[in-house]
Amino acid sequence: MELRHYLQILGRRKWVVIAVATVTLLVVGVGTYLETPMYSASVTTRVAQVQDNSVSYYDLNYSERLINTYVELVRSRPFLERTIERLGLKIGADSLAEAIKVEGIPNTELLRITAQSDDPGVASSIANTLGDLLIEQGGRLYSGEGKTAQEVVLDQLATVESGLASDRGRLLALLADQDNVDHTAEIEGLKARISLAGQTRSTLLDNYEEARLTDLARASSISIVEPAVAPDTPSEPRMALNIMLGAVVGLMGGVGLAFLLENLDLAIYSPDELEEGAQAPLLGSVPNLKAPRKFRSAPLLLRRNGQSSAGEAFRVLRTNVLSLGSEKPPRTLLITSIEPGAGKTTVLANLAVALAQSGRKVIAVDSDFRRPCLDKVFGVPDEFGLSNVIFERGKFGSGLRETKVPGVRVLTSGPLPPNPAEVLGLSQTRDLITELATGADIVLLDSPPLLGFTDAVVLASMVDGVVLVVARGRVSGGQIQKAVAQLVKVGAKHLGFIFNKAEGGEESYQYT
């Protein structure tokens with residue numbers, strides 16, 4: 001039942017959903033079309049882990065940290081500024097940072113650098129330049145801005161060789177000295193220093209070779225796996241994706257707005273809601289009557305012996321109306337509504353036909369001095385009518401008009417008085433209604449709506465029963481309760497409701 005209720009709400013508010021979804025799609029579509037196409041190019045680099053005495057070659061955490069270090073290195077301002085300088089770009093480092101994306105590919109030693117630009121050539125150039133800079137600067141990650149290990153060893157080796165050469169020169173000078181001075185102690189000291197320096201030099205040479213190989217390995221630890229190429233098609237905007245997301249967002253927004261409007265809307269939309277809000281019986285539910293174009297200006301009359309959902313609805317309504325009285329059916333019945341446009345005249349005309357089809361004599365009285373139309377509905381003249389016979393009771397018989405529907409007679413409104421409520425409130429009107437009831441099985445009176453006029457309230461105390469026609473979505477529960485209280489206050493009897501313009505009606509009505 002809850003699902004059915006939600007579907008009914010969406011059915012009532014379908015135009016809200018459609019409008020929101022359509023507007024959203026239009027905005028997304030136009031915005032996507034007007035958006036500047038952007039091209040993306042990516043360079044893929046391999047960051048190989050170099051064996052180091054301080055870390056284990058199989059240390060997975062170190063490998064992950066290394067990749068993250070290079071990611072941040074590419075995003076750094078020095079990298080971005082060097083790229084701008086090399087390519088001569090007319091943008092700042094912050095703008096370039098927004099145009100690139102650097103990510104490590106999970107479970108690999110690969111690093112992907114993606115650049116975006118409105119020019120495909122510029123996009124590929126930015127990506128490749130960043131990859132080249134990464135290779136150039138990668139070796140400095142271990143030594144920083146100072147000397148490399150190879151350079152440090154070379155400096156030490158130069159110092160040792162310089163001292164060794166000096167000591168050898170001094171030793172040769174002492175050995176060539178022909179003086180009879182004893183230099184034995186100094187010679188022995190120099191020999192020992194030369195021997196130690198030679199060992200040191202040998203060790204430094206080994207260290208240099210090791211440092212050279214390490215630096216060489218580090219220099220080749222970063223390499224380009226796949227260079228960036230200028231793309232042929234833009235990566236953004238993605239029209240299909242944007243349209244799909246726009247449709248989803250539009251539908252969700254439309255549905256949300258539909259339910260919001262439903263919660264804010266206090267109008268009655270179903271017979272169940274009417275029964276909950278009204279404190280009187282629901283006599284029937286009438287489908288929405290849709291007239292052929294040539295009859296749009298007037299209510300419809302049921303086809304005689306017509307088999308349709310509307311015909312069945314009025315037959316059920318006829319049965320319920322005749323059972324309003326506890327002992328005997330009402331002889332005089334006022335058909336009115338709370339607001340204009342509820343379709344009370346349509347309901348009255350079709351109810352009169354349904355009653356006549358059951359063999360009853362019916363008089364339809366047009367007591368609506370505001371907007372009378374029963375003469376147009378039944379196609380009878382209106383020169384002499386209710387406003388005349390109220391003051392000339394003896395001539396009321398001449399005011400009754402036979403119609404094309406057997407068993408139905410009409411007393412039209414006649415000339416419209418300037419003071420309708422005062423005329424209807426006269427004692428002659430009450431007497432006239434009583435006299436009309438003696439010449440028919442049931443008298444149906446049409447009146448202006450309660451909202452804004454007192455005519456219906458005046459007539460309510462003169463008839464056996466009052467029926468309020470409530471159109472779907474036109475009034476709220478509070479308005480209904482206020483109308484009921486107003487009618488009860490004047491002593492209206494056998495109050496009932498007809499729910500008009502219900503959903504699901506068939507267009508199977510025509511004039512007889």
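## Salt bridges

Asp-368 and Lys-344 form a salt bridge, with their closest N and O atoms 3.5 Å apart; the term means a side-chain nitrogen of Lys or Arg within 4 Å of a carboxyl oxygen of Asp or Glu. Asp-368 sits in the loop between β7 (362–366) and α14 (374–378), and Lys-344 in helix α13 (residues 344–357), so the pair ties together parts 24 residues apart in sequence. Helices (H or I, at least four residues) and strands (E, at least two) are DSSP runs, numbered from the N terminus. Both Asp-368 and Lys-344 are buried, where buried means under 20% relative accessible area, exposed over 50%, and partly exposed in between (1.4 Å probe, protein chains only).

Helix α12 (residues 309–322) holds both Arg-315 and Glu-312, three residues apart, and their side chains meet in a salt bridge of 3.6 Å, N to O. Arg-315 counts as buried at 18% relative accessibility, while Glu-312 is partly exposed at 43%.

## Model and conventions

This is a predicted model: local features need pLDDT of at least 70, side-chain atom pairs count only at pLDDT 80 or more, and totals for chains, interfaces and linings use all residues. Residues are numbered from 1 along each chain as its sequence is written, and side-chain values use heavy atoms, leaving out hydrogens and water.

## The sheet

Now for the strands. Four of them make an open sheet in the order β2-β3-β1-β4, with antiparallel pairing; strands pair if DSSP finds at least two bridges between them. At the edges are β2 (100–104) and β4 (222–226), each pairing on one side only. Five antiparallel bridges join β2 to β3 (residues 110–117).
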